[in-house]
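Q: I have a chain open here and would like to talk through its fold with you. Could we go piece by piece?

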Amino acid sequence: MAAVATQLQTALRSQLFPLPSHAWLLSIVTNRDPPPPLASLMATARARILASDLTTPGLLDAAYTAAHTLPAHVINNIAMVEHRLAHDVVVQVADIENLSRSRWEQVEELETIERKEQRRGREIIRLPPAGAEGGDGDGVDAGSVAITQNLSSAPGSGGGGGSGGVKATHKLILQDCKGQNVFAVELKRVEGIAAGKTSMGEKILLREGTVIARGAVLLDPENCHLMGGKIDAWHNEWDDTRLARLKEAAASEVRH
């Protein structure tokens with residue numbers, strides 16, 4: 001069993017995953033007797049890591065945690081003009097906001113969706129000719145009448161609440177495995193990052209050489225690799241409170 005756990009650690013390290021502790025992997029290996037094939041165990045380990053809070057005690061290897069965290073003296077330090085990460089760091093998303101649209105615009109969009117007035121897709125309803133079986137004969141012309149709803153962007157598709165358009169710029173709060181939070185901003189558009197599309201708890205690999213400037217991580221497609229994942233409790237709370245938080249922030253802007 002211990003040998004299998006070691007094999008899993010080696011495989012996860014080669015895929016640049018956060019390295020789980022040997023004890024945590026043993027709990028997966030010994031959960032079924034006999035244990036399933038290595039490929040199945042690997043898939044289980046990956047899925048559980050992506051769905052877990054990286055700060056959970058006992059989840060990650062202690063040596064990995066010590067070496068693969070954000071530099072405490074740099075993050076949120078606006079006096080630091082530029083610093084480059086000396087190693088890869090896997091972080092998890094704690095918040096995201098679209099900077100390309102005003103908060104009031106986002107509030108209005110979310111309120112529209114809540115009222116179920118957001119139109120999605122194209123729906124065509126065919127009515128039978130008057131007098132035909134199933135028809136009501138109330139003056140409907142012969143043939144069919146099409147009632148069409150206009151296409152409209154669904155959240156996460158580049159419009160509205162999803163705000164994932166090509167020209168969008170997003171600000172995120174990222175958290176490392178020690179629980180340290182840092183702001184991050186798209187320096188260049190990163191496909192897959194969007195409010196309403198990016199999940200809370202989603203894991204992102206910040207590659208060695210990633211720039212932290214004035215305390216904020218600068219994201220671009222070269223240094224930012226989306227690994228996927230989601231922490232359900234985090235995401236549900238974020239989604240439930242998003243409209244209220246946007247309203248409060250928008251009102252605060254008006255007052256000041």
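Q: How do strand 8 and strand 9 pair, and over how many bridges?
A: In this predicted model, strand 8 (residues 211–213) and strand 9 run in the antiparallel sense and are joined over two bridges. One of the pairs there is Ile212 with Val217, the latter being the bridge partner in strand 9.

Q: What about the hairpin there, how many residues sit between the strands, and which one takes a positive phi?
A: The hairpin of strand 8 and strand 9 has two residues between the strands, and Arg214 takes a positive phi near 55° in it.

Q: And strand 9 with strand 6, parallel or antiparallel?
A: Strand 9, which covers residues 216–219, pairs with strand 6 in the parallel sense, over four bridges. Within strand 9, Ala216 is the residue that stands opposite Phe183.

Q: Then what does strand 6 do with strand 5?
A: Strand 6 (residues 181–186) and strand 5 (residues 170–175) pair in the antiparallel sense over five bridges, and the bridge partner of Gln175 in strand 6 is Asn181.

Q: Anything packed on that part, and which strands does it touch?
A: Helix 6, residues 232–255, packs on the sheet and touches strand 2 (89–98) as well as strand 5, with a direction that makes about 25° with that of strand 2.

Q: Zooming out, what is the strand order in the sheet?
A: The sheet is open and is formed by eight strands in the order 1-8-9-6-5-2-7-10, with mixed pairing. Strand 1 (83–84) and strand 10 (224–228) stand at the edges with a single partner strand each, so one side of each has no neighbour in the sheet.

Q: Staying with strand 2, is Gln92 buried or exposed?
A: Gln92, which lies in strand 2, is buried, and its relative accessible area is 0%.

Q: What is Gln92 in contact with, leaving aside its neighbours within four places in sequence?
A: With those neighbours left aside, the residues in contact with Gln92 include Asp53, Leu54, Ile173, Gln175, Glu202, Lys203 and Trp234. Of these, Gln175 is also the residue whose bridge partner in strand 6 is Asn181.

Q: Changing topic: what does helix 1 look like, in residues and in reach?
A: Helix 1 (residues 2–14) has 13 residues, and from its first C-alpha to its last it reaches 19 Å, which is close to the 18 Å expected at 1.5 Å a residue. Just after helix 1, Leu16 takes a positive phi of about 60°.

Q: Which residues of helix 1 are buried?
A: They are Ala5, Leu8, Gln9 and Leu12. Seen down the axis of helix 1, the buried residues fall within an arc of 100°, so they line one face of the helix. Their cover includes helix 2 (22–29) and helix 3 (38–50), while the face turned away from the buried side carries the exposed residues Ala3 and Ser14.

Q: Last one: what are the totals for the protein chain?
A: The secondary structure comes to six helices and ten strands, and 38% of the 256 residues count as buried. The accessible surface comes to about 13,900 Å², of which 52% belongs to carbon and sulfur atoms. Among contacts with a separation of 6 or more, residues 24 or more positions apart account for 71%.

Key: Residues numbered from 1 in each chain as written. Predicted model: local features only at pLDDT ≥ 70, side-chain atom pairs only at ≥ 80, totals over all residues. Heavy atoms only, no water. Pairing = 2+ DSSP bridges. Contact = heavy atoms within 4.5 Å. Axes fitted to C-alpha atoms, helices over the stretch in contact; angles between N-to-C directions. Expected span 1.5 Å × (residues − 1). Buried < 20%, exposed > 50% of the residue type's maximum accessible area, 1.4 Å probe, protein only. Arc of directions from axis to C-beta. Areas by Shrake-Rupley, 256 points an atom, 1.4 Å probe, with all protein chains shown as cover.
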